[in-house]
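Below are some brief points on this model, meant to be read with the structure open. They take up the ligand and then the nonpolar cores.

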Amino acid sequence: MNKDIVCIGAGYIGGPTMAVIAKMNPDRKVIVVDINEKRIAAWNSADFDLPIYEPGLVDVVREVRGKNLFFSTDIEAAVKECDIIFVGVNTPTKMFGKGAGRASDLQYWESTARNIKAWANGPKIVVEKSTLPVRTAAAMEAILNAQDARSEVKVEGQGQQRNFTVLSNPEFLAEGTAIKDLMNPDRVLIGGPQDAQGQAAVDAVVEIYEGAAKNWVPREKILTTNVWSAELTKLAANAFLAQRVSSINAIAGLCEATGADVDEVAKVMGADHRIGPKFLKAGPGFGGSCFKKDVLNLVYLCESFGLHTAAEYWHEVIKMNDHQQERIVSRLFKAMFNTLANKKIAIFGFAFKADTGDTRETPAGTVVRLLHDEHVRLAITDPKALANAKKDLADLIEEDISTGGSDSRIFKQAPIEFTEDEYAAARDADAIVVMTDWCHYPTLDWARLYASMRKPALVFDTRNCLDSAALKGLGFKVLQTGK
Ligand code: NAD
Ligand code: UGA
């Protein structure tokens, strides 16, 4: 077997993970492949205009691209060339048929498995990088090792061997801190079959994460388990994190009703080392491509195994999250004299969190749609996510007939404006709603913003990232989460 690596799927997970693997393993060739030609062209772009924004990513790609990291659409050639195949294709929530709205849609995974089987020219280690339901590896093994002339090989001295060994190596990086998380992970998890061939495959992947010079992940942080534990750990870890966010948001509502301050409550709770301070920030609810889909997947798995009470428990985490966004709109409604029609609201931040351009499942999307239903005139500003915001809201857009190519578009019910300029977004607005905690928002000239708005001017800081006393001093009416 050779040491070269192909990763199928050049998305948020495949791109950054493989860039760092290539950096830390200069002795290996790493090829990232995808069916999406535009995405691969962006990864290969001469000016490093990469398809995703992630702090520090461009530096790593500059360092290794063309040396030992390559991006390509020739999946067949890469599968033939490399004996270690990572699969990082998307696994969205299934929107049709059995399990619709909950189960994982595994069609991309299965078609990848069938391609690997068709193109492989010898034994391969197949590594699940995508987040998958427990026991997916069994299905993949069944497809890959389905009996035919090529499904088994004889290795001298070892008798019959499986042609494909499927491992689970889920990824725990968070967007916005991907490079930091990859360079210094809390742990790396590798699940493999509990036989000699499985353990040899696990060792081969452990070697990657140790780095060529044994200078990457310390061995004690590389945890190995059976495949099912690895698959389930990933879902469980995301569900626990999502559950903490929903729990603190449930407390936030109570704080608003009672005069307690959620940041104070969280700080003191988090000082207990058994609870810990992380993931206790109340806000607009969690977004991102994974929390909702992975919790729903857990719900589906619990239901499938007849564990209905457990399924209901995890489903409440999602319901609480949806409720948090509905609450933002009802609080705005109340604070703005029970009518929002034709008022202008500036949305500060559309990304699901700071330091990313990703808008998948962003709470801002839900809030914008609810406000649009109320015939609000919306202005959306974000430093990195405007292109995605426009795509996400495309169904709301009618032809741009009146503006002759400017960036504001005509909407069915009320116009939505997209601008990188926060001051333009706030001009003549009745309210600013801060949906993403971009670090420059507190440093904006809030006196200037106030002066340009209609009065009374409201700021709803859903992330509690602004100085509310200073804002009140300027004349703003201020709403926060959990206060
Ligand atoms: P993504 O949509 O950004 O990227 C997936 C890529 O796979 C796309 O570019 C798509 O074109 C490609 N693809 C789909 N089918 C293909 C095929 N048959 N052959 C070749 N390429 C194909 O998704 P992502 O955010 O990178 O997530 C991928 C997986 O990683 C998901 O299971 C997700 O849950 C998991 N994950 C994501 C993150 C994250 O931060 N985004 C973190 C941990 C785990
Ligand atoms: C999350 C996990 O943190 C990663 O470990 C995991 O690998 C990843 O999902 C995945 O599987 O995709 P990510 O979604 O990128 O990472 O970002 P997080 O930092 O976890 O934030 C998720 C959402 O929760 C964001 O909308 C964030 O604003 C929100 N959040 C987070 C809060 O509202 N409060 C908090 O205290 C923490």
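Predicted model: local features only at pLDDT ≥ 70, side-chain atom pairs only at ≥ 80, totals over all residues.

1. The backbone takes part in the polar contacts of ligand 1. A polar backbone atom of tyrosine 12 is 3.1 Å from an oxygen atom of the ligand. For isoleucine 13, a polar backbone atom is 2.9 Å from an oxygen atom of ligand 1.

2. Arginine 39 uses its side chain: an N or O atom there is 2.7 Å from an oxygen atom of ligand 1. Of the 830 Å² of accessible area that ligand 1 has on its own, the protein covers 92%.

3. Nonpolar side chains tend to be buried together in soluble globular proteins. Here the largest nonpolar core has 43 residues. Met18, Ile21, Leu69, Phe86, Ile190 and Tyr209 touch the most other members of that core. Apart from this core lies another, of 28 residues, including Leu332, Ile347, Val368 and Val433.

4. Isoleucine 21 deserves a look of its own. Which residues is isoleucine 21 in contact with, leaving aside its neighbours within four places in sequence? They are Ile5, Val30, Phe86, Ile208, Tyr209 and Trp216.

How values were computed. Residues numbered from 1 in each chain as written. Chains lettered and ligands numbered in written order. Heavy atoms only, no water. Core = buried A, V, L, I, M, F, W, Y, C linked by side-chain atoms within 4.5 Å. Buried < 20%, exposed > 50% of the residue type's maximum accessible area, 1.4 Å probe, protein only. Contact = heavy atoms within 4.5 Å. Polar contact = N/O pair within 3.5 Å; in protein donor to acceptor, adjacent residues only side chain to side chain. Areas by Shrake-Rupley, 256 points an atom, 1.4 Å probe, with all protein chains shown as cover.
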